[in-house]
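Biologist: I want to learn how to read a model like this, feature by feature. Where do we begin?

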Amino acid sequence: MSEKLERLKTLLGEVADLGRASAVLGWDQQVNMPPGGGEARGQQLATLGKIAQEKFTSDEVGQLIEDLKAEFAGADPESDEAAMIRIAARNYDKAKRVPPEFVAEQAVVSSKAFEAWVEAKGKSDFSIFRPHLEKNLELVKRYISFFPPADHPYDVLLDDYEPGMKTAEVKAIFDVLRPQQVALIKAIAGKKQVKDDFLYKKYNEKKLIDFGVNVITKFGYDWKRGRQDKAPHPFQTTFGWGDVRITTRFEEDNPLATLFSTLHESGHAMYEQGQNPAYERTPLFGGASLAIHESQSRMWENLVGRSLPFWEHFFPALKKTFPSQLDGVGVKAFYKAINKVEPSFIRVNADEATYNLHIMLRLELEIAMVEGALDIKDLPAIWNEKMREYLGITPPNDAKGVLQDVHWSYGSIGYFSTYALGNLVSAQLWERIRADIKDLDDQIRKGDFSALLGWLREKVHKHGQKYEPQVLVQKVTGSKITPEPYIRYLTQKYSEIYGL
Ligand code: MG
């Protein structure tokens with residue numbers, strides 16, 4: 001093998017080690033660290049981040065990438081070597097365009113903005129957050145200016161999460177999706193509502209967590225290469241091919257969320273555990289994009305975990321664990337309850353039928369902000385207007401409206417659409433899976449997920465970051481990301497549940 005490639009792999013392996021060491025610190029911060037540790041931890045993370053950045057953007061790395069591009073110019077673009085050089089070059093180019101002083105300034109501005117957002121949300125007063133959001137937006141626009149002009153300035157932001165994807169593509173997808181989801185919700189609202197009070201009784205935390213552990217063990221989550229802890233916000237994190245962790249939380253007033261968040265995070269984790277071990281510590285390791293990652297978590301949480309066959313298998317055990325809470329409840333009633341559709345203010349609590357509308361609203365506002373077509377002071381009013389238009393409800397205050405999400409306080413614009421795209425990709429993959437595994441429902445009804453996980457490993461997981469998201473989806477399903485499979489999925493599911 002090329003000596004230069006070996007050298008690049010060594011250097012990038014060290015950069016990856018630094019990133020994963022930061023991940024360990026971040027995991028500890030959320031799982032174990034006492035409140036007094038915050039300041040020192042912040043410094044440690046900043047130091048590690050700086051060293052990693054310096055190492056990655058060194059002249060030696062730049063020269064190696066240039067030489068290797070020439071050396072592998074004739075290689076099969078789908079070979080591991082060519083793909084690795086391509087991704088390293090893309091990341092290097094991005095990293096070099098953004099000056100270190102800008103990164104430092106953004107860290108300071110966003111940490112102040114985060115504090116202001118916490119206060120503003122607590123007091124439900126947008127005016128506290130407004131100047132910070134304006135400052136964040138200014139920095140976002142400056143960030144965009146570091147890159148060559150794109151079809152749309154928002155493309156630059158989107159590309160950081162969905163490599164190769166264009167704003168126009170996402171808009172076109174959402175334009176098809178929006179009216180159909182709005183119509184579906186209206187149709188459901190006119191029907192008899194489902195009963196779900198038994199989901200909100202008192203459930204024992206330990207028993208629920210144990211139940212989730214049992215389920216994801218059957219899914220195929222590998223405990224020799226993983227563990228689950230508790231954290232205020234559930235997440236998945238990777239320290240290496242052999243150490244892929246998840247967290248969950250318990251909410252007194254929404255106990256079943258513990259179970260579904262475990263299923264969700266296990267989907268992310270199995271994607272990481274399914275990586276090709278040969279990609280370890282290289283730029284090929286990891287998810288193809290945030291949307292592809294989210295497609296995996298949503299699939300295990302929703303397409304599997306909120307399906308009738310799944311509960312035909314697991315409901316008897318759940319009922320045995322919680323006999324008084326589920327007294328008199330049959331599997332069908334339970335299935336309907338966990339799939340209840342109800343327009344609500346808070347995105348993270350939204351059901352499958354309404355969720356994407358929360359995202360579309362945010363995408364439209366973000367694009368308008370980046371275009372300068374929207375005055376920040378009008379944001380709360382426009383937010384509420386769109387909530388009425390899409391979901392038929394008006395937030396009672398800004399905490400339940402424009403201030404609910406943390407993302408804009410970090411200056412992170414361009415992220416939201418990946419959640420909705422993840423939903424779409426999950427359904428698109430699902431149609432292909434059903435065509436390939438004819439008796440999938442029967443397998444799930446027996447608690448056998450091996451064929452499903454094997455399919456995902458082969459078609460999606462093992463490729464790591466080799467393909468851009470649209471290329472991967474096209475390869476696996478025969479078309480780029482499209483809303484139709486998700487619309488078919490929702491329509492069929494809710495027609496049955498609500499008798500539409
Ligand atoms: Mg997720």
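**Reading the model**

Modeller: Glutamate 294 counts as buried because its relative accessibility is 8%. Buried means under 20% relative accessible area, exposed over 50%, partly exposed in between, with a 1.4 Å probe and protein chains only. This is a predicted model, in which local features need pLDDT of at least 70 and side-chain atom pairs count only at pLDDT 80 or more, while totals for chains, interfaces and linings use all residues. Residues are numbered from 1 along each chain as its sequence is written, and side-chain values use heavy atoms, without hydrogens and water.

Biologist: Which residues coordinate the magnesium ion?

Modeller: First, the rule. Donors are N, O and S atoms within 2.8 Å of the metal (3.2 Å for Na, K and Ca); water is not among the atoms, so sites may look incomplete. Here the ion is held by His264 (NE2), His268 (NE2) and Glu294 (OE), at 2.3 to 2.4 Å. Along the chain, the donors follow H-x3-H-x25-E. Histidine 264 in helix H10 (residues 256–273) and glutamate 294 in helix H11 (residues 290–304) are 30 residues apart, a link between distant parts of the chain. Histidine 264 has 11% relative accessibility, so this residue counts as buried.

Biologist: How do I check a helix?

Modeller: Helices are DSSP runs of H or I, at least four residues, numbered from the N terminus. Just after H5, serine 124 takes a positive phi of about 50 degrees.

Biologist: Which residues of H5 are buried?

Modeller: Phe102, Val109, Ser110, Ala113, Ala116, Trp117 and Ala120. Their cover includes helix H6 (126–145).

Biologist: And how do I read packing around a single residue?

Modeller: List its contacts, meaning heavy atoms within 4.5 Å. Take phenylalanine 219, in helix H9 (residues 205–219). This residue counts as buried because its relative accessibility is 1%. Leaving aside neighbours within four places in sequence, phenylalanine 219 contacts Leu263, Ser266, Met270, Trp300, Val304, Phe310, Phe449 and Leu453. The C-alpha atoms of phenylalanine 219 and methionine 270 are separated by 9.0 Å, with the two residues 51 apart along the chain.

Technical notes: Helices (H or I, at least four residues) and strands (E, at least two) are DSSP runs, numbered from the N terminus.
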